[in-house]
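Please look at the sequence and the structure together before reading on.

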Amino acid sequence: MQSYIRVMDAVSRWCGNLASWALLAACLISAGNATLRYAFNIGSNSWLEVQWYLFGMAVFAGAPMLLKLNEHVRVDVVYGGLQPRTKAWIDLLGILFVLLPLSLTVAWLAWPFVAESFAQHEVSPSAGGLIRWPIKLAIPLGFGLVALQGLAELFKRVGYLRGTSNLDLHYERPLQ
């Protein structure tokens, strides 16, 4: 279990770095595209599509890292005030009965969507649009990575509940 956790945490860190760079690139392309459009009346649909491809890649690549960091979205009605063992049990059951089945189902169901796009050489209908299958491929890969990190998080909770490992279950409710 510990080897899997180390490998998956490293993969998620790498994906998180990829997501950070993708967001930076999307912002730079967005600023450059806006500058060219408003200053020189030059525009390109391809650059607009590259922006949302990068943003989509950042979302799907960044999700496993957010799960690893315990910064994922949750319904925090009572969770924050609970004891660590209770939090670990809630996390374990949520991962086992919600996160893993949902992530694996979406990843599985998305493959035909990607395969059809690839087989048809689907291209954006916009003038100068890009091929679509690469961004569609991000869906099953992203959900697959979330499932793999979810399994690592499940192992962490099991180890914590058995008393064989430490786990930081600190969660700060976002200020709103």
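## Helices H2 and H4

At roughly what angle do the axes of H2 and H4 cross, and within what distance do they come? In this predicted model, the two axes cross at roughly 10 degrees and come within 8 Å. That makes H2 roughly parallel to H4, because angles under 35 degrees count as roughly parallel.

On the H2 side the contact is made by Trp 52, Tyr 53, Gly 56, Met 57, Phe 60, Ala 63, Pro 64, Leu 67 and Lys 68. H4 contributes Ile 135, Ala 138, Ile 139, Gly 142, Phe 143, Leu 145, Val 146, Gln 149, Gly 150, Glu 153 and Lys 156. Sorted by class, the contact of H2 with H4 has 13 nonpolar, four polar and three charged residues.

## Helix H1 and what covers it

Helix H1 runs over residues 2-40, and its 39 residues should span 57 Å at 1.5 Å a residue. The C-alpha atoms at its ends are 56 Å apart, which agrees with that expectation. Just after H1, Asn 41 takes a positive phi of about 60 degrees.

The buried residues of H1 are Ile 5, Met 8, Asp 9, Ser 12, Cys 15, Gly 16, Ala 19, Ala 22, Ala 26, Ile 29 and Asn 33. What covers them includes helix H2, residues 45-68, and helix H4, residues 133-162.

The crossing of H1 and H4 is left-handed. H1 brings Tyr 4, Ile 5, Met 8, Asp 9, Val 11, Ser 12 and Cys 15 to the contact, while H4 brings Leu 145, Leu 148, Gln 149, Leu 151, Ala 152, Glu 153, Phe 155 and Lys 156. The residues of this contact of H1 with H4 divide into 10 nonpolar, two polar and three charged.

## Asp 9 within H1

Leaving aside its neighbours within four places in sequence, Asp 9 is in contact with Lys 68, Gln 149, Glu 153 and Lys 156. Of these partners, Lys 68 is listed for H2 in the contact of H2 with H4, and Gln 149, Glu 153 and Lys 156 are listed for H4 in the contact of H1 with H4.

## The loop between H3 and H4

Ala 127 is found in the loop between helix H3, residues 84-119, and H4. Ala 127 is exposed, because its relative accessible area is 59% and exposed means over 50%. The C-alpha atoms of Ala 127 and Ser 44 are separated by 8.5 Å, although the two residues are 83 residues apart along the chain.

Gly 129 also lies in the loop between H3 and H4. Apart from its neighbours within four places in sequence, Gly 129 is in contact with Ser 46, Glu 49, Val 123 and Ser 124.

Key. Residues numbered from 1 in each chain as written. Predicted model: local features only at pLDDT ≥ 70, side-chain atom pairs only at ≥ 80, totals over all residues. Heavy atoms only, no water. Helix = DSSP H or I, 4+ residues; strand = E, 2+ residues; numbered from the N terminus. Expected span 1.5 Å × (residues − 1). Buried < 20%, exposed > 50% of the residue type's maximum accessible area, 1.4 Å probe, protein only. Contact = heavy atoms within 4.5 Å. Left-handed = near helix turned anticlockwise from the far one by under 90°. Nonpolar A, V, L, I, M, F, W, Y, C, P; charged D, E, K, R; others polar. Axes fitted to C-alpha atoms, helices over the stretch in contact; angles between N-to-C directions. Parallel < 35°, antiparallel > 145°, perpendicular 65-115°, else oblique.
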